[in-house]
Amino acid sequence: MTAVPVIELVDVSKIYPLASGDVVALDHLSIRIERGEFVAIMGPSGSGKSTLLNQIGGLDVPTSGILRITGKNIRKMSDEKLTDLRLNAIGYIFQKFNLIPLLSAYENVEYPYILKHRCNDTTGRVSKLLSEVGINKRLAEHKPAELSGGQQQRVAIARALINDPDILLCDEPTGNLDTKTGAQIMEMLATLHKQGRTIIIVTHDPLIGAQAERIIRIKDGKVDEA
Amino acid sequence: MKKDIILQLSIRSIRLNFLRSLLAAIGIVIGVVAISSMGMMGANMTMSVTEELSAMANVLVVKPGGGGGGGGFMGGGGGSSSSDDYIDKEQFADIERTAGKYGNVYPLYQESDTVKIREDERRSTIYGMRDEDMATILVVENGTLPQTSGSVIVGPTFAENNDLVIGSRITIGDEDDEEAIIQKVRVVGILEEKGMSMDLNSDNAIIMTEKTFTGLYGGEGEYTQVNVILDDIDDADTATEAIENQLNRKEDEVAVQDSSRMMESITSTVSTMTTFVMAIAGISLLVAATSIFNVMMMSVTERVREIGILRSIGTQKGEVLRMFIYEAVILGLVGAVIGAIMSLLLGWLVVLAMVGTTDYFFTYQSLIYVPVSMTIGIVICVVSGVYPAWRAANLDPIEALRAD
């Protein structure tokens, strides 16, 4: 393939040094994810999938190997550069929604926009995204604590999309939702994928994983080929 | 429209924890009030003392003999002069010639003698003055200046203590002493109250004409001291030097006491005291700093997860740092502003109680302590917020996200 993969891991290892002996969380891992893919990363707890997610999300850097996000190796990046990467290239959707409690739903979505553009959104993008995820104007005035779990996750999706990221990174996005709401959220992600977005979803739920195009299974810090 | 989202977060955090933030700000309020009201008190005291002193400190007292020199406190209260110990007419003329251009020069005779009023005997200071000096120096409250040898004018304290009115009689001289000259005099005037003075403590004295004085004690033209009342207190050093150069060329004929030096030393004592009191007041700001630090640390600890979220979605370390510094600055600003308003009220009361007058309250030297203490308060706030903010900024986002 000639196109630059959106994520490329070559021989990536992550080792946590501990007094009781080093813990190898990722063990010479090589993964390639193309633009527009819908990938599920699955594995039991302790398999290293959370560590992998943190690397891909630019929250942490590998001990060795090459990890390219949109073609840029992040291993040598400064904290400032990594933060910029998180702001511009990655949209996070967390299990616990992780909205900022001090800000209203609208402001939560607008927040990364302000960080990036240094001004308020005057283009109407925030409102447009909120209505796309089904949050009306009245709900958008509310603080996260006043919203249901499903509504919070919708706001979180809108927030993740605000800076038009290359990757949408979802960490157990339905984990804190009931089945029906969870299905709605997954439907929304499927729609986004159809629109051409790269979506990586980390889950241990096979039903969720099955909705992705491709499943990468992780076991003991390695890709489980079986 | 541009709004600083980081600043918004700080403001909202303070509002969310309103009571806690208020308590922290109160520490700053107390510190600012303490420092500025103490500072204002000191400044007002200095100005008031200076004003009071400069009314009497513009005096050079020239006394006979080498000795001590400058810095004497009382210009010769009760010192009886021995026969050799005087300033003669020639010396006086010299002093008048050299120092005359700086102010009013006048000679003074002084004695301490027994006086008898009705049946009570006591000792009193007696001054002899030239007629022309009496007219310029003395301020009469009641009656007239003495003209004849049988009349005297007395100070208000002396009059009050001895129940003297115009027309009262005083016997000067010790009647039990065979050799003493006795003279009966009549009070023709009572002086206006003058307060403490370097040159002439007239409040508690009897003042008579030169002629009456020398009639009693002899020594005409042998003055106890010569006073120079300066027109401008800043001439004190120049005039002192001029007199000394003129008269002390060969040997120390006279000693010049410059009372403005005393004023300087009193003023500097007051300002030392003020600094000391302000330092004590400053301790309250240290306490405030501790409480700000505590509140900020609590704020950071409570918001670890929020910091994790902020960092994970692209907030820079510097922005998190800024968020907490803003919080400290807001606490400091609110505390300092409230403190400033309160210190104007409290300072006014303290000055009224301690200094007794608020004449100098609304002067630059006094009010400058308000912005000064506000600045100190805000700076202390920011300094105590630096570590908590630094900690917040340097949290590991992964760890922070995991917190509950």
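The legends below describe close-up views of a predicted model. Local features are given only where pLDDT is at least 70 and side-chain atom pairs count only at pLDDT 80 or more, whereas totals for chains, interfaces and linings use all residues. Residues are numbered from 1 along each chain as its sequence is written, with chains lettered from A and ligands numbered from 1 in the order in which they are written.

**View 1. The hairpin of strand 1 and strand 2 in chain A.** Strand 1 (residues 7-16) and strand 2 (residues 23-33) of chain A run antiparallel and are joined by seven bridges; strands are DSSP runs of E with at least two residues, helices are runs of H or I with at least four, and both are numbered from the N terminus. Two strands pair if DSSP finds at least two bridges between them. L9(A) has I31(A) of strand 2 as its bridge partner. Six residues lie between the two strands of the hairpin, and G21(A) in the turn has a positive phi of about 120 degrees.

**View 2. The open, mixed sheet of chain A.** Six strands of chain A are arranged in the order 6-7-8-3-9-10. Strand 6 (90-93) and strand 10 (222-223) of chain A each have a single partner strand and stand at the edges, so one side of each is left without a neighbour in the sheet. Strand 3 (residues 38-42) and strand 9 (residues 214-219) of chain A run parallel and are joined by four bridges, with V39(A) opposite R214(A) of strand 9.

**View 3. The packing of helix 3 against helix 6 in chain A.** The axes of helix 3 (residues 105-117) and helix 6 (residues 149-161) of chain A come within 7 Å and cross at roughly 25 degrees, where axes are lines fitted to C-alpha atoms over the stretch in contact and angles run from 0 to 180 degrees between N-to-C directions. Helix 3 and helix 6 of chain A are therefore roughly parallel to each other, a term for angles under 35 degrees. A105(A), N108(A), V109(A) and P112(A) of helix 3 meet V155(A), A158(A) and R159(A) of helix 6, contact requiring C-beta atoms, placed from the backbone, within 7 Å.

**View 4. The contact of chain A with chain B.** Chain A and chain B each contribute 19 residues to the contact. On the side of chain A that touches chain B, helix 2 (79-88) and helix 3 of chain A are the elements that give two or more residues, and the largest share, five residues, comes from helix 2 of chain A.

Notes: Angles under 35 degrees count as roughly parallel, over 145 as roughly antiparallel, 65 to 115 as roughly perpendicular and the rest as oblique. Two residues are in contact if their C-beta atoms, placed from the backbone, lie within 7 Å.
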